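Subject: Structure handover

Hello,

Please find the structure below, with its sequence. My notes on it come after.

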Amino acid sequence: MINVLCFAHMKDIFGGERLAINSGGIATVKDVLEHLKSAYDADVSGIMTAVNEEFAEESTPVSQGDTVALIPPVSGG
Amino acid sequence: MEKRFFVTSEPLSVEELAAEVTRPEAGAVVQFIGTVREFTKGRRTVYLEYEAYHSMAEKQLEAIGREVKERWPDAESAVGHRTGELQISDAAVIIAVSTPHRKDAYEANEYIIERIKQIVPIWKKEHWEDGEQWVGDQLEQTRYPDGAPGGGNK
């Protein structure tokens with residue numbers, strides 16, 4: 001499985017802070033986002049991602065057991 | 001205090017953050033306190049809620065600390081950021097920087113808050129009398145645009 005963490009309004013979109021998706025057919029961040037778009041009919045445009053707590057690109061590899069965080073524009077401070 | 005760069009649900013202490021960077025080599029300690037503002041664009045905030053990707057946020061704060069060291073080798077810095085529900089005037093973030101001379105401390109301190117707003121995974125949710133919204137959610141899906149006293153302001 002791949003763990004997906006949802007923050008801020010992503011929690012509302014996905015109905016929770018944490019999702020687990022099957023890693024079959026998933027090789028990159030882009031694959032994760034495509035899966036979420038189709039499985040949840042979710043708009044994830046403009047969302048940054050992190051893989052295992054490091055900011056990622058769409059091409060960043062994702063594999064079994066990894067944690068992918070969906071990071072909306074930050075607003076700390 | 002154990003960490004110099006931390007996220008906490010507990011109230012922040014100006015004195016503790018200052019103590020983290022105060023040292024004999026320093027001739028200046030500059031602190032920034034980011035507080036909860038009551039009115040934004042004419043709209044009254046009742047309270048703010050901060051959420052963090054805790055572990056990554058602390059890593060990112062530490063990374064900013066390293067950036068400061070590269071730019072101002074003589075600077076020492078410490079940052080605490082709150083999470084949870086904050087009331088008007090509560091401190092959401094405290095940044096402390098010490099340097100031998102004051103100019104660097106002012107500059108490094110401002111650098112840190114600007115970087116926090118760019119690369120640290122922390123979000124705030126505005127709670128108004130008539131609605132709520134995650135800041136950064138440009139779609140404003142949860143806002144009630146018509147029922148607000150300040151709703152006409154933009």
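This is a predicted model: local features need pLDDT of at least 70, side-chain atom pairs count only at pLDDT 80 or more; totals for chains, interfaces and linings use all residues.

Residues are numbered from 1 along each chain as its sequence is written, chains are lettered from A and ligands numbered from 1 in the order in which they are written, and side-chain values use heavy atoms, with hydrogens and water left out.

Chain A

Chain A has an open sheet of five strands with mixed pairing, in the order β2-β1-β5-β3-β4. Strands here are DSSP runs of E with at least two residues, helices are runs of H or I with at least four, and both are numbered from the N terminus; two strands pair if DSSP finds at least two bridges between them. The edges of the sheet are β2 (18–21) and β4 (54–56) of chain A; each has a single partner strand, so one side of each is left without a neighbour in the sheet. From one strand to the next, the twist averages 30°. Angles run from 0 to 180 degrees between N-to-C directions, and axes are lines fitted to C-alpha atoms, for helices over the stretch in contact.

Helix α2 (residues 29–40) of chain A packs on this sheet and touches β1, β2, β3 (48–51), β4 and β5 (67–71) of chain A. Contact means heavy atoms within 4.5 Å. The direction of α2(A) makes about 105° with that of β2(A). Strand β1 (residues 2–6) of chain A pairs with β2(A) in the antiparallel sense, over four bridges. V4(A) has L19(A) in β2(A) as its bridge partner.

Chain B

In chain B, four strands form an open sheet in the order β1-β5-β7-β2, again with mixed pairing. Its edge strands are β1 (5–8) and β2 (28–35) of chain B, each pairing on one side only. Here the twist averages 10° from one strand to the next. Helix α2(B) packs on the sheet, where it touches β1 and β5 (76–82) of chain B, and its direction makes about 150° with that of β1(B). Eight bridges link β2(B) and β7(B) in the antiparallel sense, and I33(B) has I94(B) in β7(B) as its bridge partner.

A further set of pairings involves β4(B). Strand β3 (residues 39–40) of chain B runs antiparallel to β4(B), joined by two bridges, and T40(B) has R43(B) as its bridge partner there. The hairpin of β3(B) and β4(B) has two residues between the strands, and K41(B) takes a positive phi near 50° in it. β4(B) is also joined to β8(B) by seven bridges, running antiparallel, and to strand β6 (residues 84–86) of chain B by three bridges, again antiparallel. L48(B) takes part in both pairings: its bridge partner in β8(B) is E126(B), and in β6(B) it stands opposite L86(B).

The interface

How many residues of each chain are in contact with the other? The count is 26 residues of chain B and 22 residues of chain A. The area buried between the chains is about 2000 Å², with 56% of it given by carbon and sulfur atoms. Buried area is the accessible area (1.4 Å probe) that two parts lose on being put together, summed over both. Y53(B), M56(B) and W123(B) supply 32% of the area that chain B buries against chain A, more than any other three residues.

Two salt bridges are found across the interface, a salt bridge being a side-chain nitrogen of Lys or Arg within 4 Å of a carboxyl oxygen of Asp or Glu. One of them joins K59(B) and E53(A), at 3.0 Å from N to O. Over all chains, the count of salt bridges is 13.

On the chain B side, β4 (43–52), α2 (54–71), β7 (91–99), α3 (102–119) and β8 (122–128) each supply at least two residues that touch chain A. Helix α3(B) gives the most, with five residues.

Regards
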